[in-house]
Amino acid sequence: MKTNFSRRWFVKGLAAVAVMASFPGAAFARATGAFKADKTNSVVNVLFGDLPIEASSQITFRLPDIAENGAVVPATVATEIEGVTQIAIVIDENPNPLSAVFDIGESSVADVSTRIKVGKSSVARAYVKSRGRVFMTTREVKVTIGGCGG
Amino acid sequence: MNRREFLELIAKAGVTASLSGCQTLGDKNGSGLYALSKFGQARVLHITDTHAQLMPVYFREPSVNLGLGSAKGKMPHRVGKNLLSEMTEVNPMLSHAFTYLDFTEAAQRYGKVGGFSHLATLIDKLRGETDGALLLDGGDTWQGSGTALWTRGKDMVGACNLLGVDVMTGHWEFTYDAAEVIANAADFKGEFVAQNIRATEDAMFEGVDVFDEDTGHVFKPYVMKEQNGYRIAVIGQAFPYTPIANPSRFIPDWTFGIQEENLAQLVEDIRGKEKPDAVILLSHNGMDVDLKLASRVPGIDAILGGHTHDGVPVPVVVKNAGGNTIVTNAGSNGKFVGVLDLEFGRAGVVGYRYRLMPVFSNLLDENPAMAKYIRDVRAPYLSTLNEELATSESLLYRRGNFNGTFDQVICDALLEQLDSQISLSPGFRWGTTVLPGDTITMERVLDQTCMTYPETYVREMEGQELKSILESVADNIFTPDPYYQQGGDMVRTGGLGYSCAPRNGFGERISDLRLRDGSLINASQRYKVAGWATVGSKSAGPAVWDVVADHLRDKKEISIDRVETPVLKGITNNPGLA
């Protein structure tokens, strides 16, 4: 279906909405400690406490296999799991592994995109919290010196 | 040798059994090598990675093309006799075309390969047999020669228009500025397709021109072509790692990647909407990536591949959820034409025949119009191209996982001309071959070096930085998952020896780094290193072809008796190693 609104206008519209949106202060404060953690284990501990982490195939985690630019790597996490209130992206090898936390309303569509930094090749993790359970999926992202392409 | 002598000679060599009738020998349209019985209802012709070689050249296939893990011993990772054993038909000419075996002697006997005027003759013949055929070009067409660089790829756009290329995709095409790429694609009379190139969101926001405002596709993702009443979808897959393997500064607004999920969706949409009789992916992924892709994305009948320059005589059939997909790779430098004949039933493709035909220039007359076009394109540059720099006593070539002899010439030139201890030269797979006793002209140097970021550098590097560069490049070639490979060969080294254990993990493949005098490289000591083709930012030094040309003018005679190839560890009985 073709509408009068191109994707370009849609993206511009989104940006305008984002400017008006504001972060709930409490959620921001809660995540601060997790952003300072320097190990994935500590990140998980601060964010999810003692909750068990369950591997899930219901999470779509999009990330390039090889980053075009480690400073701005597009990442998307989406899931059909219901009642999602938190989504987090973690890069194991980064000095501070937690890249992003999204606190969303329980009835929101769980589909978030952002840009993250990836310092070197790493396992990347996407966590999804829903109704007291935490689900996770992993990917590998490679950061390499360029050149030598055939 | 004149044409008649040549034909007598190949007849004596027993080129093919079918030649014994000899009725084709006097046929100006070619020899028995090019005779095909009728098969199916539609024909698709495929050329790729010609690297702007308008004139016939010599090109030696690799003697080292390692496959590791599940790729060990599988195509395309077989060389020499191990490759011939996979072929259904072998004769001396085919053996010469597909392998490095007895290269010099065979090249002297059978002559040069490729050349667009000979290619045109063969393609016209193949088209004539079937009431037309689709001609697809997998890219790496606009780069690789002096004239391509000086005309910013336009000489090749003109040649491809004359050749009648219907659809193309790209890789080195994107080493010109984005605006030049768009202009060349517009001058190209066929369709330039790529499902995996989009404008970045930032660029979309800034208003950069794209093919599709909704999806951000910079080029058409696919095109429908009709052939003898059958509808064939051709999807473009450009080289996914262009902004990593080549400078992103030329195409800052575009983002690439394999985009497997999008491709799968596109195939599904095309199957649903267009009701095609066949779906073909014209790919510049490289063979290993194509093989993995074929196992995961259903609905593609054939992946006609390039990038890795593998001359694969027999397609690989890959099973997936939708059935089978055949995967091919069609060599480089205009040396081969892939001929895919398709047979259709009620539910699409029910049979196929594939031949990878070597283009022996001596067997094919020049197409007069193409020959004139090429003469005109080259005329203003002939005095530069034909400058005789030195003679070579050795066979000079590049292709292979590690240093070839021409790489050694380049590395030696960097060492001597730029007064450095160590030199590094990229493991590109393009670059033609010089026979022993032949003159090295400027044109042959440009074959090995011609590109839009040729600047050299000289800088100090710590031993650990050198190791880390080698580790990083080794991982790009030898990491087991093809989606994390980039498809080039190992960086070439001058003045630096090392051991390489390809099967080890990241950071553990490279050891025992030594200077040419045998002394060990110290991790924290600084060394003076020269190199070229930096991807990050433009280097300050002279173009590498001038450095190499000066070296050759100084030497006048070149003899390579030692190639700085690493000591291999952990590689045993590998059919990809001669």
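Biologist: Let's start where the chains meet: how many residues of chain B are in contact with the 18 residues of chain A?

Modeller: Keep in mind that this is a predicted model. On the side of chain A that touches chain B, the residues divide into 5 nonpolar, 7 polar and 6 charged. Across from these 18 residues of chain A, the number of chain B residues in contact is 38.

Biologist: Which scores does the model have as a whole?

Modeller: Happy to give you both. The pTM is 0.92, and the ipTM is 0.84.

Biologist: Where in chain A is the pLDDT below 50?

Modeller: Chain A averages a pLDDT of 85, with 77% of the residues at 70 or above. One stretch has 2 contacts in the model beyond near neighbours in sequence. Where pLDDT is low, the predicted coordinates should not be read in detail. In chain A, the stretch with pLDDT below 50 is residues 16–26.

Biologist: And over which residues of chain B does the pLDDT stay under 50?

Modeller: For chain B the mean pLDDT is 94, and 95% of its residues reach 70 or more. There is still a stretch under 50, for which the model has 33 contacts beyond four places in sequence. That stretch is residues 7–30 of chain B.

Biologist: Turning to the chain A sheet, which strands stand at its edges?

Modeller: This is an open sheet of 5 strands with mixed pairing, in the order E1-E8-E7-E4-E5. The twist from one strand to the next averages 25°. An edge strand has a single partner strand, so one side of it is left without a neighbour in the sheet. In chain A, the strands in that position are E1 (53–55) and E5 (98–103).

Biologist: How many bridges join E7 and E8 of chain A?

Modeller: E7 covers residues 122–130 and E8 covers residues 133–141, and the two run antiparallel. One pair to look for is A:Ser130 with its bridge partner A:Arg133 in E8(A). The number of bridges that join the two strands is 9.

Biologist: Which helix packs on that sheet?

Modeller: The helix touches E1, E4 (84–91), E5, E7 and E8 of chain A. Its direction makes about 165° with that of E4(A). The helix is H3 of chain A, residues 40–48.

Biologist: In the chain B sheet with the order E21-E20-E24, which residue stands opposite B:Cys500?

Modeller: This open sheet has 3 strands and mixed pairing, with E21 (510–515) and E24 (567–568) as the edge strands. E20, residues 496–500, pairs with E24(B) in the parallel sense over 2 bridges. Helix H17 (residues 463–478) lies across E20 and E21, at about 130° to E21(B).

Biologist: Is H5(B) roughly parallel or antiparallel to H13(B)?

Modeller: H5 (residues 116–128) and H13 (residues 368–378) of chain B have axes that come within 8 Å and cross at roughly 160°. Because an angle over 145 degrees counts as roughly antiparallel, H5(B) is to H13(B) roughly antiparallel.

Biologist: Which residues of H13(B) make that contact with H5(B)?

Modeller: The crossing of the two helices is right-handed. From H5(B) come B:Phe116, B:Ser117 and B:Ala120. By class, the contact has 5 nonpolar, 1 polar and no charged residues. The residues from H13(B) are B:Met370, B:Ala371 and B:Ile374.

Biologist: H7(B) also meets H13(B), so which residues of H7(B) are involved?

Modeller: The axes of H7 (residues 154–163) and H13(B) come within 10 Å and cross at roughly 170°, which makes H7(B) roughly antiparallel to H13(B). On the H13(B) side are B:Ala369, B:Met370, B:Tyr373 and B:Val377. Their partners in H7(B) are B:Asp155, B:Gly158, B:Ala159 and B:Leu162.

Biologist: How many charged residues does the contact of H15(B) with H18(B) have?

Modeller: The axes of H15 (residues 405–417) and H18 (residues 544–555) of chain B come within 9 Å and cross at roughly 85°, which makes H15(B) roughly perpendicular to H18(B). Among the residues in contact are B:Asp412 and B:Glu416 of H15(B) and B:Asp550 of H18(B). Beside 6 nonpolar and 2 polar residues, the number of charged residues is 3.

Biologist: Which two residues does a cis peptide bond join in chain B?

Modeller: Look in the loop between E1 (42–47) and H2 (81–84) of chain B, the place of B:Pro76. The bond has an omega of about 5° and joins B:Met75 and B:Pro76.

Technical notes:
Residues numbered from 1 in each chain as written. Chains lettered and ligands numbered in written order. Predicted model: local features only at pLDDT ≥ 70, side-chain atom pairs only at ≥ 80, totals over all residues. Pairing = 2+ DSSP bridges. Helix = DSSP H or I, 4+ residues; strand = E, 2+ residues; numbered from the N terminus. Contact = placed C-beta atoms within 7 Å. Axes fitted to C-alpha atoms, helices over the stretch in contact; angles between N-to-C directions. Nonpolar A, V, L, I, M, F, W, Y, C, P; charged D, E, K, R; others polar. Parallel < 35°, antiparallel > 145°, perpendicular 65-115°, else oblique. Left-handed = near helix turned anticlockwise from the far one by under 90°. pLDDT = per-residue confidence, 0-100.
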